[in-house]
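Thanks, everyone. I have one model to go through today, and I will keep to the geometry.

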Amino acid sequence: MNILHIETSTEICSVALSSDGQCLTEEVDLKGPSHAQVLAGFVDSVVSFADSHALPLDAVAVSSGPGSYTGLRIGLSTAKGVCFGRNLPLIAVPTLKVLSTPLLLHEELPEDALLCPMLDARRMEVYTALYDRALRPVVDVHAAVIAEDSFAEQLSERPVYFFGGGAAKCKDLLVHPNAHFVDDVRPLARHMFPLAEMAFLRGQFEDVAYFTPFYLKEFVPGVAKNPIVG
């Protein structure tokens with residue numbers, strides 16, 4: 001299967017093309033947020049690559065939040081445009097699971113480890129969740145104000161790995177021996193591959209006309225209009 005992947009949930013903008021789990025080409029801007037300026041060109045470049053190599057697209061996958069209100073809207077609008085233009089199904093991939101994928105692929109984790117991706121929501125607020133190694137939710141996606149006793153129950157029982165843009169500001173507070181921090185983990189389009197392909201095989205597609213991202217703006221009134229980075 002050939003899938004176009006679009007990730008715009010944070011200040012990073014990335015687009016990639018996968019074919020049966022392999023990355024064929026990608027475009028990445030780490031300097032953002034500049035999604036409105038670069039995303040259309042990235043998508044055009046990746047789609048042109050697919051067309052020039054006679055690779056018919058089977059679906060479009062988009063990172064669905066939580067994340068930047070502006071970034072998510074731009075990413076989803078672009079994804080919907082490609083879906084409508086080429087009559088393709090739309091796959092939504094939760095951003096915190098995208099963020100967790102590189103740890104599962106590249107880090108040696110204990111069997112009982114919990115993954116805690118964190119997106120920065122300014123001050124000591126983060127958007128986060130807890131997953132086991134199969135990415136089953138132990139604690140659902142939510143907004144949280146990090147304090148010294150955050151995740152105390154989970155940390156008392158098993159190792160918890162914190163990572164993502166919101167994790168750095170938690171290091172001085174979460175000092176339990178079971179708290180582990182992994183640096184430089186960012187959501188990228190190439191990290192969407194296994195999740196999007198699994199959704200494709202299961203037939204888990206979204207309504208292209210009506211699907212909206214998961215902004216989480218109702219949880220943190222102080223950042224309601226522009227959560228995280230957008």
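Before going on, the conventions. This is a predicted model, in which local features need pLDDT of at least 70, side-chain atom pairs count only at pLDDT 80 or more, and totals for chains, interfaces and linings use all residues. Residues are numbered from 1 along each chain as its sequence is written, and side-chain values use heavy atoms, with hydrogens and water left out. Helices (H or I, at least four residues) and strands (E, at least two) are DSSP runs, numbered from the N terminus.

Back to α1. This helix covers residues 35–52, 18 residues, and reaches 25 Å from its first C-alpha to its last, close to the 26 Å expected at 1.5 Å a residue; the expected span is 1.5 Å times one less than the number of residues.

Which residues of α1 are buried? They are H35, V38, L39, F42, V43, V46, V47 and A50. Seen down the axis of α1, these buried residues fall within an arc of 160°, so they line one face of the helix. The arc is that of the directions from the helix axis to the C-beta atoms. On the other side, Q37, A40, D44 and S52 are exposed. Buried is under 20% relative accessible area, exposed over 50%, and partly exposed in between, with a 1.4 Å probe and protein chains only.

The buried residues of α1 pack against β1 (2–7), β2 (13–19), β3 (22–29) and α2 (69–86), where contact is heavy atoms within 4.5 Å.

Now the sheet. It is open, with 5 strands in the order β3-β2-β1-β4-β5 and mixed pairing; two strands pair if DSSP finds at least two bridges between them. The edge strands, β3 and β5, each pair on one side only. β1 and β4 run parallel and are joined by 4 bridges. I6 stands opposite V62 in β4.

Last, the cores: sets of buried Ala, Val, Leu, Ile, Met, Phe, Trp, Tyr and Cys residues joined through side-chain atoms within 4.5 Å. The largest has 29 residues, and those with the most contacts inside it are A61, I91, V93, L103, L115, Y161 and F163. Apart from it lies another core, of 24 residues, among them C13, L39, V43 and A92.
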